[in-house]
Amino acid sequence: MITIYQARKIVTMNPSRPLATHVAVRDGRILGAGSFDELTGWGKHKVDRTFADKVLMPGLVEGHSHVAEGVQWRFVYCGYFDRTDPDGKVWPGVKSIEEVVARLSAANARLYDSTQPLTGWSLDPIYFHNRRMTRQDLDRVSAARPIGIMHASGHIMNVNTRALELAGMLRKGINHPGIPLGDDGLPTGEMKGPDAMTPLGPHVGLDRGLLSTDELGLRAFARLCVRKGVTTAADLANLLPQPAVEMMLRVSGEQQFPARIVSLRVAREVSPAELVERVIELGKLSTDRLRLGMIKIVVDGSIQGFSARLKSPGYYNGAPNGLWYIAPEQLREIFERALAAGVRVHSHTNGDEATELVLDTLALALRKHSSPDHRFTLQHCQLANAAQFRRMRALGMCVNLFPNHHFYWGDQHYALTVGPERAERMNACATALANGVPMAIHSDAPVTPLGPLFTAWCAVNRKTASGRVLGIEERISVTDALRTITLGAAYTLGLDSEVGSIECGKAADFAVLEDDPTEIGGEKLGDVRIWGTVQGGRIFAAETI
Amino acid sequence: MRGSIPVTLIGGYLGAGKTTLVNHLLRNANGRRLAVLVNEFGELPVDADLIVAREGNLISISGGCICCSFGSDLLAALMQLKDRNEAIDHLLIETSGVALPESIVQSLSLLPDIALDGVIVLADAETIEARARDRYMGDTVLAQLAHADIILLNKVDLVSPERLGAVSRWLNETAPRARVIPARKADIPLEIIVGQHSLRPSDKKLTPLSGHRHTAEYETLSLEINAPRDPERQADGLTRADAGLLRAKGFVRRLDGAFATLHVVGQRALVEPAPDWIEGPGRLVCIGLADQINRSAILTAIEASLIVSAS
């Protein structure tokens with residue numbers, strides 16, 4: 001059966017036919033976009049006017065997120081900015097430690113079992129005039145129950161006294177840079193970095209959750225996708241053990257599962273040879289809504305955590321250079337084996353030295369295994385300079401930049417981590433495009449909220465939370481931004497022949513919008529109201545998802 | 001038995017011989033129950049003939065040793081190991097080739113029942129200087145060397161005596177707090193890595209791990225010490241560079257008759273209460289390279305720790 005959808009406007013992202021009023025769909029695929037009269041030629045059809053007053057775009061593509069976002073919402077949201085949960089409830093941001101305590105106290109009152117941990121997430125005390133949270137603050141919520149709150153960065157956790165007790169950490173004489181001590185010689189309750197957080201995690205309901213998800217979390221993540229107009233989302237670092245793969249295949253195969261998930265196997269715990277072999281096998285299990293068969297490598301750490309590897313002159317505040325998470329020899333072996341097998345590799349680099357290592361290593365690997373159209377992608381790649389973008393182009397690499405970072409932490413990057421000049425060239429979207437590097441932009445959800453239109457707003461405006469425009473020359477146009485969150489991201493995932501534009505033969509994946517992103521103006525791009533999505537020809541309204 | 005499990009870090013860049021060393025130790029554990037945690041990409045690099053059983057990421061090895069891999073989270077692996085309640089005499093952590101021993105030492109300090117024994121860093125005699133100049137990895141390699149108690153300068157049979165002399169001098173300048181041991185195929189006595197098992201006085205030569213003769217000559221010095229001593233001061237003296245010690249272990253009798261256990265690895269020392277069953281005179285066993293161990297400096301250190309009673 002053919003359905004012809006009528007819309008107020010269809011922004012197709014197909015350069016040969018950029019605008020349309022109707023789109024014909026059969027069996028989840030697009031027959032064509034154009035005028036009603038043009039589409040009737042396909043044969044017997046029905047007309048659907050559900051979107052008669054809506055604007056359709058290709059379903060948005062999130063090129064770097066983590067399905068674990070769906071799990072986070074089981075915890076109490078303690079972020080500074082308003083954020084929408086998978087059920088559509090907007091949680092107002094908490095603006096002070098008092099408000100954090102009040103919100104946790106309300107959640108505490110709803111818990112029956114007095115020993116059950118209370119868990120919060122997305123705390124960002126940077127915005128609390130640098131007043132740090134302490135265990136005493138959280139003891140006011142409950143002294144009996146262990147409490148833990150993960151910070152927005154994912155690198156710091158705050159806990160109460162009970163949690164420290166349970167972890168055996170309420171003791172004097174601890175000498176660790178990640179564990180500040182109070183005047184009493186005991187930990188203040190702020191635990192910085194994985195070392196400090198790991199012993200606390202199991203006691204406060206935060207086992208190493210960032211990479212993993214479960215059934216409910218995966219469904220919640222997909223519901224959030226609908227609210228944000230996303231029909232394809234990359235899950236960028238998953239260990240993908242067999243039970244998780246089976247669960248993901250089953251859940252994503254459910255009739256009402258509304259998104260396509262692209263899950264990358266993170267390079268960890270196995271040798272390069274086994275990794276590539278395993279990923280080839282995973283690729284064979286791919287379905288339409290669960291795409292497997294790519295590799296993610298973590299090369300360095302994070303800039304705000306001072307663990308990214310920077311080229312000279314290094315960190316602005318003089319912090320020592322960051323950490324390597326893989327040796328060049330191992331990186332090269334993975335690249336060579338993956339190129340030989342035709343497996344795509346996405347590499348996390350934050351610092352420009354890490355980016356340089358990937359460029360050098362891929363250049364060598366390509367000499368051995370020349371591979372046109374390999375589409376190896378640099379993820380985050382926040383500090384790349386113009387010369388590096390030129391090399392990316394020359395080597396056939398893609399880049400997926402992180403403009404959301406500017407909004408949330410740009411002021412800190414300016415003042416502390418990399419200083420004014422490099423803060424302005426961070427996530428240099430305009431330079432990437434000018435040099436012809438295929439580009440995506442991303443949220444890294446749950447690190448920042450899922451929402452490609454907000455990410456596009458960040459790339460177009462480059463405003464920080466304080467209102468500073470950081471890197472006026474690196475702003476990109478609305479047209480470029482919209483292309484980036486559709487075809488651009490699809491290209492990096494090797495899906496641009498299937499999704500990313502509304503044109504004949506592609507999947508019937510649409511973002512259904514109340515406002516026209518091409519008319520609303522760049523400053524309001526993040527405010528575009530989203531009705532829901534169409535994914536594989538199935539309609540999902542945010543209201544009822 | 002001591003209250004906490006002693007831990008030795010085995011670090012060094014890729015290809016320096018960490019895995020070879022671990023296999024030597026497992027093969028020649030001599031009744032010690034070693035647990036090895038390995039952080040590297042890939043399968044556990046244990047020689048197949050040593051493996052008794054496999055269970056997930058954990059391998060059981062003949063003689064009561066175990067070996068398991070950890071991904072990115074050492075503390076989680078240690079907590080899991082603790083939950084298994086294995087009887088362990090000594091824990092070895094083989095770090096990844098790019099890990100910084102210092103940051104692992106800091107992590108370990110968070111676990112109350114683990115005591116750092118020493119940091120052994122392996123260096124490939126052929127390549128270490130080039131590694132240290134590498135534009136990407138140079139600072140990582142130098143930081144690994146700088147935090148070593150003992151540097152195992154491996155593969156010395158592959159370089160000329162002149163090169164060996166030059167690289168040894170370079171290491172001494174680059175990592176002044178480390179003792180440097182030359183070795184072939186990472187072959188050094190078990191005691192250097194995990195310490196002396198018991199303190200029976202003996203002047204026996206150390207037995208090599210594998211059949212062939214060690215590249216280096218070792219000497220042990222066993223002493224009985226009658227008068228009460230200050231173990232912290234003794235530790236200070238024994239860790240000084242001029243003592244030339246690789247390792248020492250002793251039971252030191254304090255003025256009140258209580259014993260302290262003293263562990264020395266290079267310039268690192270740990271003093272802790274001794275087990276209840278220790279009695280008799282104080283004693284000390286020292287191991288060093290034959291051409292470095294300095295008997296008179298050691299005796300001076302012991303003499304200086306004599307407690308002169310207040311009366």
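Contacts in chain A first. Take those between residues at least 6 apart in sequence: 71% join residues at least 24 apart. Two residues are in contact here if their C-beta atoms, placed from the backbone, lie within 7 Å. Keep in mind that this is a predicted model, where local features need pLDDT of at least 70, side-chain atom pairs count only at pLDDT 80 or more, and totals for chains, interfaces and linings use all residues. Residues are numbered from 1 along each chain as its sequence is written, with chains lettered from A and ligands numbered from 1 in the order in which they are written.

Now the overall build. Chain A has 17 helices and 23 strands. Those are DSSP runs, numbered from the N terminus: helices are H or I, at least four residues, and strands are E, at least two. The C-alpha trace of chain A spans about 80 × 55 × 45 Å along its principal axes. Of the 545 residues in chain A, 57% are buried. Buried requires 20 or more other C-beta atoms within 10 Å of the residue's own, with C-beta atoms placed from the backbone.

One residue to look at: A:Val299. It sits in the loop between strand 16 (290–298) and helix 10 of chain A. Why does A:Val299 count as buried? Because A:Val299 has 26 C-beta neighbours inside 10 Å. Leaving out residues up to four places away in sequence, A:Val299 touches A:Tyr325, A:Ile326 and A:Leu331, among others. The list also includes A:His348 and A:Val358. A:Ile326 is 27 residues away along the chain, yet the two C-alpha atoms are separated by 5.6 Å.

On to the contact between the chains. Chain A puts in 24 residues, chain B 21 residues. On the chain A side, helix 6 (193–197), helix 9 (272–284), helix 10 (328–341) and helix 11 (352–368) each supply at least two residues. Helix 10 gives the most, with three residues. By class, the chain A side has 10 nonpolar, seven polar and seven charged residues. Nonpolar covers Ala, Val, Leu, Ile, Met, Phe, Trp, Tyr, Cys and Pro; charged covers Asp, Glu, Lys and Arg; the others, Gly among them, are polar.

Last, chain B. It divides into domain 1 (5–185) and domain 2 (218–304), bounds that come from an automatic or database domain assignment. Their centres, over C-alpha atoms, are 25 Å apart.

Methods:
A residue is buried if 20 or more other C-beta atoms lie within 10 Å of its own, exposed if 12 or fewer, and partly exposed in between; C-beta atoms are placed from the backbone.
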